[in-house]
Amino acid sequence: MKQVLKPKFSIIGTHYDKAISDEGMMQCLESVDKQTCQDFEILLYHDGPLSRPLPSFDHLKNKPVFKATKKRYNDWGHSLRDLGIKEAQGEWIIHLSIDNTMFEDALQNILNAYEINKAFMEKFDYPPELKKALDLIIAPVIMEGCIRAPYGMGVARTKNPEHKLILAGVPPRLDNVDLFQFVVKRALWIKEGGWYDKRERGDGYMIEELTQKYGCTYCNNIIGIHR
């Protein structure tokens, strides 16, 4: 029997009826479709019920696997992300809000960052407990409509698209990171029980907890825009 190769990345997107425009959704999917690294799958989950047909994905080379749930979870998409983790086939998982945009070299830059950090740790003979940091990569993103809040209190949203903030996730703590920039091996997500924090700011809490537990490595290149 021929072995089916699993993708390097699983990109998990969440969609909400009437919350995100069709134009915004298609812009996001098209930015994923143009990646220089094409070793990925796209899983798109809709927090049902779906009240209308979605636009056609026929023009995309990489069509998303689309699933609508039978009920609305009303937990900011966290249950949908957990479904994605369970159903993903990729080695790495990226959680992408469906109105965000990925730069064309985003996936390749993430892979490059992994290889560079791995080679560095091997060269200097890092102990196994420190090599766990290779399973979590944080990449910078541009936060559109955001400014740095006063007194080091994280990010403040202004909704003015002219306001742009580069969020590097250094240090990786609540109010200083966004789920878009947090790339984690699926095996680690499964080990941790999936997307376990369903609070509104659950992504920030989990990023802080996981990086405190395992450490993390960084990608130097900006991978996209959070809108």
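This is a predicted model: local features need pLDDT of at least 70, side-chain atom pairs count only at pLDDT 80 or more; totals for chains, interfaces and linings use all residues.
Visitor: How many disulfides does the structure hold?

Guide: A disulfide requires two cysteine sulfur atoms within 2.5 Å. The sulfur of Cys 37 has its closest cysteine sulfur in Cys 219, 13 Å away, and so is too far for a bond. Cys 216 is likewise in no disulfide, since the nearest cysteine sulfur, that of Cys 219, lies 12 Å away. The number of disulfides in the structure is 0.

Visitor: With which residues is Asn 109 in contact, leaving aside its neighbours within four places in sequence?

Guide: Asn 109 is placed in helix α3, residues 106-123. Its relative accessibility is 16%, and it therefore counts as buried. Beyond its sequence neighbours within four places, the contacts of Asn 109 are Cys 219 and Asn 221.

Visitor: Which residues of strand β11 are buried on its two sides?

Guide: In a regular strand, side chains alternate between the two faces of the sheet. Strand β11 spans residues 182-185, and both of its faces are covered. One side carries the buried Phe 182 and Val 184, and the other carries the buried Val 183 and Lys 185.

Visitor: Which residue stands opposite Val 183 in β11?

Guide: Strand β4, residues 92-97, pairs with β11 in the antiparallel sense. This pairing extends over 3 bridges. The residue that faces Val 183 across it is Ile 94.

Visitor: Which residue stands opposite Val 184 in β11?

Guide: Strand β6, residues 136-138, and β11 run antiparallel and are joined by 3 bridges. The residue opposite Val 184 is Leu 136.

Visitor: Which residues lie nearest the centre of the largest pocket?

Guide: The largest pocket has a volume of about 870 Å³, and 32 residues line it. Those nearest its centre are Arg 157, Asp 178, Glu 200, Asp 203 and His 226.

Visitor: How many charged residues are in the lining of the largest pocket?

Guide: Among the elements that each supply at least two lining residues are α2 (78-87), β9 (155-157) and α6 (202-214). By class, the lining has 12 nonpolar and 8 polar residues. The number of charged residues is 12.

Note on methods
Residues are numbered from 1 along each chain as its sequence is written. Side-chain values use heavy atoms; hydrogens and water are left out. On a 1 Å grid over the protein atoms alone, a cavity is a set of points where a 1.4 Å probe fits but cannot get out, and a pocket is an open set with protein on both sides within 12 Å along at least five of seven lines; lining residues have an atom within 4 Å of a point. Grid points are joined across faces, edges and corners, and a volume is the space filled by probe spheres set on the points. Helices (H or I, at least four residues) and strands (E, at least two) are DSSP runs, numbered from the N terminus. Ala, Val, Leu, Ile, Met, Phe, Trp, Tyr, Cys and Pro count as nonpolar, Asp, Glu, Lys and Arg as charged, and the others, Gly among them, as polar. Buried means under 20% relative accessible area, exposed over 50%, partly exposed in between (1.4 Å probe, protein chains only). Contact means heavy atoms within 4.5 Å. Two strands pair if DSSP finds at least two bridges between them.
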